[in-house]
Amino acid sequence: MRIVSLIPSATEIVCALGAADDLVGVTFECDHPPDPRVGRRVLVGGLDTHGLDAAGVDHLVRSKVESGELLYVLDEAAFREVDPDVVLTQDLCRVCALPSESVDAAIDRLGCRANVLTLDPHHVADVFQNILDVGTAIGRDDQAVALVADLRGRVDRVAVRVAGAARRRVFVLEWPDPPFVAGHWVPELVAMAGGEAVLARPGERSVPTTWAEIEACEPDVVVVSSCGFDVAGSAAHAEQVMDSLPVGCEVWAIDANGLVVRPGPRLVDGVETLAELLHAVPSPDGASPLGNRARRVR
């Protein structure tokens, strides 16, 4: 079977199901497990945002969307060459990945007969179902069932660990300039970790907010989880907006790409990480025991 993944989360799912050897095409953003781009065709390219600050990235993305331009481009010649049997794509966010209608149009033009599976999760349960759906599409049903059972078991173990702990008020900052609230499955991750997500939009798209609204919701903890960035990038963003954040709350930076924004198996790593930073006692110097997953900034 020849599998093409046009979203990083699907690439992670395929690899977690033991089908990495069947993966023939990925995107320029697919970086886990390291490095799925090596030895495979990179079929999707995107915007060059190097050197731009958060406001600059936001302006570039908004201008492209408003003008009707695509943020991601499919290399149709390379797509034809890899001749996939299964194509995994998304219909969740045109800012985050190539939209499914672009894939459908390309497949029609190329006369491709691949089975196309479009993933559109809004909740954690949807992500688990997507894993099962991918398993069926690539002939790995048993592995998918086992993986989902393991992920659910880990979530259950976190629930036992945080049972009875005070539900700290958590604001997750998905983008710093302008500030965006967390949506989709992110508030559920906070709840599973024993927190109360404030100013959040469970199951809905992330939207802009204001620093005054963030202040008014009185968070105990702010988690900076900048979409598209690892813990170092989120920490840099946290430092840039520190003067705008509510006084007196803890501020943490988290590996957004690895643990929060990609709807794949590592979301459960995110639950475990959030539970640790919310309910473990930090060291006196504020250093995080969480390695490269999260870092206390204030």
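**A β-α-β unit and a helix pair**

Strand β12, helix α9 (residues 231-240) and strand β13 form a right-handed β-α-β unit. Right-handed means that, with the strands pointing away from the viewer, the path from the first strand over the helix to the second runs clockwise. Helices (H or I, at least four residues) and strands (E, at least two) are DSSP runs, numbered from the N terminus. This is a predicted model: local features need pLDDT of at least 70, side-chain atom pairs count only at pLDDT 80 or more, and totals for chains, interfaces and linings use all residues. Residues are numbered from 1 along each chain as its sequence is written, and side-chain values use heavy atoms, with hydrogens and water left out.

Start with β12 (residues 221-224). Four bridges join β12 to β13 (residues 250-254), and the two run parallel. Strands pair if DSSP finds at least two bridges between them. Val 221 faces Glu 250 of β13. β12 also pairs with strand β7 (residues 168-176), in the parallel sense, over four bridges. Here Val 172 stands opposite Val 223.

Now the side chains. In a regular strand they alternate between the two faces of the sheet. Val 221 and Val 223 of β12 point one way, Val 222 and Val 224 the other. All are buried (under 20% relative accessible area, 1.4 Å probe, protein chains only).

Turn to two helices. The axes of α6 (residues 141-162) and α11 (residues 267-279) come within 9 Å and cross at roughly 10°. Axes are lines fitted to C-alpha atoms, for helices over the stretch in contact, with angles from 0 to 180 degrees between N-to-C directions. So α6 is roughly parallel to α11 (angles under 35 degrees). Their contact (heavy atoms within 4.5 Å) includes Leu 151 and Arg 154 of α6 and Val 268 and Asp 269 of α11.

How values were computed:
Angles under 35 degrees count as roughly parallel, over 145 as roughly antiparallel, 65 to 115 as roughly perpendicular and the rest as oblique. Buried means under 20% relative accessible area, exposed over 50%, partly exposed in between (1.4 Å probe, protein chains only).
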